[in-house]
Amino acid sequence: MPDLPGKQEKLTVIAERVEAPPRPEAKLRRDSHTRRMARVGWAMSTPALVFVGLVTIFPIAFSFVLSFSNVVVSGSGFALENPTFGNYSELFHSSVWRYSLAFTIFYTVVTVLVEVVLGTMIALVVERLTKGRGLMMSLLLLPWSMITVISAELWQYIFEGTYGVLQAIFQAVGLGSPVFLGTPTSAVVAMMVADIWKTTPFVAVIVVAGLVMLPGEIFEAASVDGASGWTTFFKITLPLLRPTIAIAVLFRILQAFGLFDLPFVLTGGGPGTATTSLAILSYKVMFEDIAYGPGAAVAVSATLLVILGSLAFLKVFRSQVGREDVQ
Amino acid sequence: MASILLEKVGKVYPNGYRAVENLDLEIAEGEFLVLVGPSGCGKTTVLRMIAGLEEISTGDLKIGGAVVNDLEPKDRDVAMVFQNYALYPHMTVAENIGFALKLRKLPKEEVRRKVEEAAEILGLSEWLDRKPKQLSGGQRQRVAMGRAIVRSPKAFLMDEPLSNLDAKLRVKMRSEVRRIQERLGVATVYVTHDQVEAMTMGDRVAVMRDGVLQQCDTPQQLYDHPVNQFVGAFIGSPAMNLYEAKLGPDATVISLGSQTLRIPESTFARRPALRGFAGRMVTVGIRPEDLSVAIPGGPTDGSLITEVQLLEALGSEMMVHFSIDANLVTEEAAAEEEEDILVHKGEGVARVAPDLTVRTGETLMLQVAMERIHFFDPETTWAIW
Ligand SMILES: Nc1ncnc2c1ncn2[C@@H]1O[C@H](COP(=O)(O)OP(=O)(O)OP(=O)(O)O)[C@@H](O)[C@H]1O
Ligand SMILES: [Mg+2]
C-alpha cells in the first residue's frame, strides 16, 4: 500500500475539528481515572522496563557511544575521550573487516538459501504424512532445540583432524585423511554443514505451519484445472507460502548474520581469518586486542547492516506478496 | 465431449460414513442434469467423485466410455465450480479464469480473448485485475463459474454455482450457463437448492436422499409422477400438502378427517393399484397450485372446507395457509426452505389468485383438482399407481 500522506493529514485535521470539547466535569473525572490507571500501569511495568533497559538498551547504547569514542584503558578502568569517527575509518580501511563482512554475508546467503530450499522440501513431505506427523515434527526439532555450543562440540568430534569420525570414514573408503577444519574452504563448508543440519528443521517446521494454513480446496481446484504436481507447486503452493518463507528467511538472516558460536567452537575464526564472522571479529578486537572502540564499531556496523538488510528485505517482500493475498 | 456414466457407484468415507450408495446415473453427451436433494444427501460427494477428488469406493465411473476410476483429476478433463469457490487467492480474476487455459499452453492472445469473453458474459470485465479478496461473494462466485466456462472440457460439474447471486443476476446467469453449455455440448451435472433452477435448467433432474438416488427424470415427469412421497414433497415450492386419508370401501371416495372427496373415475385408469387400497389408509398429496377458491354454489364433492390461518400476498398470487381436521404427514427431509417450515405451522397451503377477500380465522371453501392429486402408500411411502 502506497502511503498517502496528504490524505492522512486531511483526516487528522477533520478528526480534530469534529472532536467536541468535553464537558469540564466529565473531563476531570475521566482524566483522574485515566491517570490513576496509567500510574498503576507504569508502576507495575517499571521493574520489567528497568530490567529490559539494563540488559538490552543500555549495552546497545553504550556500544554505540563506545564506537564513536577514543577509549583509553588503564589499570583503574577505562575512560572515553574525544568523540571521533576514527574507529569507523579504521574499520573501512581494514582488510580483515572487509573480509569478515564479505564472509558473513556469503555465509548468511548460502546457509539461508540451502536451509530454505531443504526445509521447504522436508516440510512438503512432512505435511503429506498422515501418520506420525507429530512425532516427525518433534524429531525434526531436536537439532534445533540443542544449544548451539553443544551441537558445535558434536560437530567438532565429526570434523576433528586426528580422530574425527568423518576423517575415519574418508580413510576407510580410501579418500585420504583431509583435515576438514584445516583449510579455509573446507572449514567454511564444514561450518555451513553444521549450521544447515541444525537450522533446516526450524525452517521446515515454520513452513509446515504455513502449509497447514493453506486452504485445501485450491489445490483441488488446481488439479481439476489440469495442473501437474510441479505446476501446482510453483504456481500455487510456492506463491502462497511466500509470506511464511519470508518470515523464516528473516529470522534466519538475523541469526546467521550474528554467527558466533559455531566458529567460536569449531575454528576460533580460522584457519587464518577464514571463518571470522563480524561477531567473532568484534569479540576478538574487543577482548583479545582490548580495543573497545574499534570492537564496538564492528558490532555497531554489523547491527546497522543487518537492520538495513532486514528492512530492505521486508520492503521487497511486502510489495511482492502482501498479507492480503492469503484469504 | 463425452457422456458420463455412473455404475453402482458408492462412497464410504474413511470414518465409515456411507455418503453415496449404489448410484446408477447416465448423463448423455450434451445433457444438462440437475442434481437436487436436501443438505448432506451426498450431492457434492457425487461431483467430487466424478472430478476425481474423492476416491470411488465401489462401482465404476466412465467418462466418454472409458473407466476413469483411477485417473487423476488433472487427466479427467472436467471443469468444476466449487461450492465454496476455491479461487486462487494470489491470482487476479483474469489469472484465475485463465489458469486452466494457460496450463494447456494456449497462445497468450487466445487466453486473453477467452478470458475477456467469459468475463463479459459474467459481468466481471471491470474486475479482471482484482484479487479475489477484493471481490464480493457474488463476484467471487462468478469468477469460479468463469474458470469453468472458459474451458471446453468433457464435463461440467457445478456445485450450487449461482447460490450467492441476487435474483436478477441469477435469472440472467441461468440462461447464460445453459447457452454456453448447449453451445459447447458438454455433459453437465449441476447441483442446486433452487427449485426454479432445477425445473427450468435441467434436461433431467435427479433427486437424492441420504446418498440414495430416488428418481431421475424430466422436470415435468418428476412433478407429475413423483415415485414416492419424498420426491413429491421435495419437488415443487411450496411443498405438496400431505395428509393421512382413508379410502372408502369401494375406493370411490376418500376421507380427509371429517371431509370426503370423490375420486374421479379417470384416476383409476392412471393408478390401477389404487383399488387395492380400498378401505385402507393412504397418504394423499395435494399440491398448493392444485387448490383453488371454490365458486359459491358450485359442486362440493371435490372441495374442502378449511379455516384460514395465514395469508401471504405475493402480488401475482396469494398463499393461503389453512387448517383442516385431517392428520398431516410430514416429510421432514424434504422440508428445507423457510416456506416449508411455515407450511407445517399452517398445516396446508393453497396457491390462489390474489384477488381473494378473506381474513384469517374465516372459513374458506377450496376446490381440489381431484385428477391431479397424488396417492402414496403410508407404509412404504411409494406412490400408488
Ligand atoms: N470427508 C468426509 N468424511 C466423512 N463424512 C463426510 C465427508 N465429507 C462429507 N461427509 C458426509 O457425507 C454426507 C454428504 O456430504 P456432501 O457434502 O456430499 O453433501 P451435499 O449433498 O453436498 O450437502 P450440501 O447441500 O449441504 O452441500 C454428509 O452427511 C457429510 O457429513
Ligand atoms: Mg454440497
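Select Tyr17(B): an N or O atom of its side chain lies 3.3 Å from an oxygen atom of ligand 1. That is a polar contact (a pair of N or O atoms within 3.5 Å). This is a predicted model, where local features need pLDDT of at least 70, side-chain atom pairs count only at pLDDT 80 or more, and totals for chains, interfaces and linings use all residues. Residues are numbered from 1 along each chain as written, chains are lettered from A and ligands numbered from 1 in written order, and side-chain values use heavy atoms, without hydrogens and water.

Next, Tyr13(B). Its side chain places an N or O atom 3.4 Å from a nitrogen atom of ligand 1. At Gly42(B), pick the backbone: a polar atom there is 3.0 Å from an oxygen atom of the ligand. Alone, ligand 1 exposes 640 Å², and the protein buries 67% of that (Shrake-Rupley areas, 1.4 Å probe).

Now show the 14 residues around ligand 1 (a heavy atom within 4 Å). Ser39(B), Gly40(B), Lys43(B), Thr44(B) and Thr45(B) come nearest. Helix α1 (residues 43–51) of chain B gives the largest share of the shell, three residues. Helices here are DSSP runs (H or I) of at least four residues, numbered from the N terminus.

Move to chain A. Select helix α6 (residues 148–159) and helix α7 (residues 165–172): they pack at about 25°, axes 4 Å apart. Axes are lines fitted to C-alpha atoms over the stretch in contact, and angles run from 0 to 180 degrees between N-to-C directions. α6(A) and α7(A) are therefore roughly parallel (under 35 degrees). Tyr157(A), Ile158(A) and Phe159(A) of α6(A) meet Val165(A), Leu166(A) and Gln167(A) of α7(A), with contact meaning heavy atoms within 4.5 Å.

How values were computed: Helices (H or I, at least four residues) and strands (E, at least two) are DSSP runs, numbered from the N terminus. Angles under 35 degrees count as roughly parallel, over 145 as roughly antiparallel, 65 to 115 as roughly perpendicular and the rest as oblique. A polar contact is a pair of N or O atoms within 3.5 Å; within protein, one must be able to donate a hydrogen and the other to accept it, and residues adjacent in sequence count only if both atoms are side-chain atoms.
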